[in-house]
Amino acid sequence: MIKIKVENKEGEVQIIEIPEGINLNLMETLKAYEYNLRATCGGMALCSDCHCHVYEGWETLPEAQEQELITLDTRPDATSFSRLACQIKISSEIDGLSIKLMGEGD
Amino acid sequence: MEHIKTDICIIGAGPVGLFAVFEAGLLKMRCHLIDVLPQVGGQLSEIYPQKPIYDIPGFPVINAQDLVNGLMDQIATFKPGFSLGERVDHLERIEDGTFIIRTNENTEVHSKAVVIAGGLGCFEPRKPAIEGLEEFEGKGVSYMVRNPELYRDKRLVLSGGGDSALDWTIFLSEVASEVTLVHRGDTFRGAPDSAEKVFELANRGKINLVLQSHITEIHGNGHLKGVTIQGKNNDVSTIETDYLIPLFGLTPKLGPIADWGLNVDKSAIEVNTLDYSTNIEGIFAIGDINTYPGKLKLILCGFHEAALMAQSAFKFVYPDQKLSFKYTTVYGVNTF
C-alpha cells in the first residue's frame, strides 16, 4: 500500500492508503477517496483546482512540466512547494508524501 | 437599459447552452443567451481551446474550439441573440408565469422559459487571500483593467505572473507614474516576448520588478494607500500605491444562481431527469450545472439533456399547441 498524508482545507489530516498498481493520478485518487476537489479541467493542468502544497516527499515527485508551471503562476497562494495533484501519478515512489489541499472544491 | 423579448433565455453560452438553441429552434422556439465571458464556448474557449476532445459522437477527435465553432455554425440558422460579458444578477418569475432576467449591464430579458446552462457557474477573478482585500474593491483594488486612463499619472501595483500581468504591466508603464509588478517566481512563463520586455523595462528603471515575493497586507483609510510585500527570505517592505491590480486569472463560482430559490446541492442545481426541470416551474438546468443520481459531467450528456429539456419547455412557449415529435432527416431544419 502507498500511504499519503492529506490535510484538507479545513485542516483535518488523514493518511490514505492506496493499493499499488492503481492507474490514477493523485487528483483522481483524492476524488475517489471523496475529497472535495472540483477539478474543472479534469486533469489537464489547466485549472489549478487540485493545487496542493507539498510538505514532505517533494524530492520523490517528477519535475513539473511547462503547462503545470504556467497554471501554478495563476495561483496567488502558490509557493515554491506547490504542485497540481493531477500531474502526479500514483506509484510506490511517492509513498510517504504529505500534502495540503489548496484548490477549490464544489 | 436594453429590453429583449424571447421564448427561452439561456444562461450560459458553453457547448450545452449553444446546443440548446438548436433543440429549441427545431421546435420553433427563439433563444437569447447570456454569458459572463466575453466570448461563447464556456470552459472550452476559456480554459482549453486547443485541447482535443475524444468523446463527441461522430468525431473521433475534435479540438475544443472547433467544436464551439461547429455549434455556432449549427445554430446560426435559428438566429439566437447574445449578451456576452454580462452576468445575470436578477431572475424573477412574474405573475403570468413568464420571467424577467436582468444583467449587471442592465440588459433585461423577458422570456417564457429559462434554461440555466451555466457550467460550473460564473467565471470570476481569482482573489489572493489578503485580509481586508474586499473592503478596498472599487477603492483602489480591482481585478481587471477596464479603463487604463483611470491609472494615468497614478502609482500602481500589479501582482501575478501570467500573460495578463505581463501585458498590463507593459501597457500601463506608459500610462501610470509608477508601476510595480510583484511575482512569486523569478521567471515568467507567459509569452517570451512579453517577459523579455518586462525585464527590459525593469532594467531601464521604467517599472519596479519585485520577484520571489507576494503581497501580505494592504493598507488604507477609505481608499488604498499601500501594500506590504514579503520576499523569499521573509524580508518585509511596504510601498505606497494608489491602486492594486491582482491578476490571477478566472475561476468559476456559482455566484448569483445560489440566490434564486433553486434547490442546490454542492454548487449544482437539482433537477428532475424527466426533462431537467428544476423546482421552479419554467426553469430548467442542463449540463455541468445540474445534478441528479448518476450524473456525468460530459458534454454529450449535456446535449441529451438539452434535447429533453426542449420538449418540455415547449409547453411554456406554446401552451395552446400540441407537440409532435419530428426527425430532422424527414423535415430538415427549418429556420424562423
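A residue is buried if 20 or more other C-beta atoms lie within 10 Å of its own, exposed if 12 or fewer, and partly exposed in between. The legends below refer to a predicted model.

**Figure 1. Leu26(B) at its place in helix α1 of chain B.**
Helix α1 of chain B covers residues 15-26, and Leu26(B) belongs to this helix. Leu26(B) has 20 other C-beta atoms within 10 Å and is therefore buried. When neighbours within four places in sequence are left aside, Leu26(B) is in contact with Thr328(B) and Val333(B). Ala195(B) lies 169 residues from Leu26(B) along the chain, and a distance of 50 Å separates the C-alpha atoms of the two.

**Figure 2. Ser237(B) in strand β15 of chain B.**
Strand β15 of chain B comprises residues 236-240, among them Ser237(B). Is Ser237(B) buried or exposed? Ser237(B) counts as exposed because 11 C-beta neighbours lie inside 10 Å, and the limit for this class is 12 or fewer. Between the C-alpha atoms of Ser237(B) and Arg189(B) the separation is 26 Å, with the two residues 48 apart along the chain.

**Figure 3. An open sheet of four strands in chain B.**
The strand order is β12-β11-β10-β16, and the pairing is parallel. The edges are taken by β12 and β16 (243-246) of chain B; each has a single partner strand, so one side of each is left without a neighbour in the sheet. From one strand to the next, the twist averages 15 degrees.

**Figure 4. Strand β11 of chain B and its pairing with β10(B).**
Strand β11 of chain B runs over residues 178-182 and is mostly covered, with four of its five residues buried. Strand β10 of chain B, residues 155-159, pairs with β11(B) in the parallel sense, and the pairing has five bridges. Which residue stands opposite Ser159(B) in β11(B)? The residue facing Ser159(B) is Val182(B).

**Figure 5. Strand β11 of chain B and its pairing with β12(B).**
Strand β12 of chain B spans residues 208-210 and is joined to β11(B) by three bridges in the parallel sense. Within this pairing, Asn208(B) in β12(B) stands opposite Thr180(B). The chain reaches β12(B) from β11(B) by way of helix α5 (residues 192-203) of chain B, and this β-α-β crossover is right-handed.

**Figure 6. Strand β5 of chain A, with a covered and an uncovered face.**
Strand β5 of chain A consists of residues 98-101. Ile99(A) and Leu101(A) form the covered face, while Ser98(A) and Lys100(A) form the uncovered one. Strand β1 (residues 2-7) of chain A pairs with β5(A) in the parallel sense over three bridges. On that side Val6(A) stands opposite Ile99(A), a residue of the covered face. Strand β3 (residues 51-56) of chain A pairs with β5(A) in the antiparallel sense over four bridges. Here the bridge partner of Glu56(A) is Ser98(A), which belongs to the uncovered face.

**Figure 7. Chain A as the setting of strand β5(A).**
Chain A contains two helices and five strands, arranged along the sequence as β-β-α-β-α-β-β. Its radius of gyration is 12 Å, close to the 13 Å that the globule rule gives for 106 residues, so chain A is as compact as a globular protein of that length. The C-alpha trace of chain A spans about 35 × 30 × 25 Å along its principal axes. Of its 106 residues, 40% count as buried. Taking the contacts in chain A between residues at least 6 apart in sequence, 66% join residues at least 24 apart.

**Figure 8. Chain B and its contact with chain A.**
Chain B has seven helices and 21 strands. Along the principal axes, the C-alpha atoms of chain B fill a box of roughly 70 × 45 × 35 Å. Buried residues account for 40% of the 336 residues in chain B. Taking the contacts in chain B between residues at least 6 apart in sequence, 62% join residues at least 24 apart. On the side of chain B that touches chain A, eight residues are nonpolar, seven are polar and five are charged.

Note on methods: Residues are numbered from 1 along each chain as its sequence is written. Chains are lettered from A and ligands numbered from 1 in the order in which they are written. This is a predicted model: local features need pLDDT of at least 70, side-chain atom pairs count only at pLDDT 80 or more; totals for chains, interfaces and linings use all residues. Two residues are in contact if their C-beta atoms, placed from the backbone, lie within 7 Å. Ala, Val, Leu, Ile, Met, Phe, Trp, Tyr, Cys and Pro count as nonpolar, Asp, Glu, Lys and Arg as charged, and the others, Gly among them, as polar. Two strands pair if DSSP finds at least two bridges between them. A crossover is right-handed if, with the strands pointing away from the viewer, the path from the first strand over the helix to the second runs clockwise. Axes are lines fitted to C-alpha atoms, for helices over the stretch in contact, and angles run from 0 to 180 degrees between N-to-C directions. The radius of gyration is taken over C-alpha atoms; the globule rule is 2.2 Å times the number of residues to the power 0.38.
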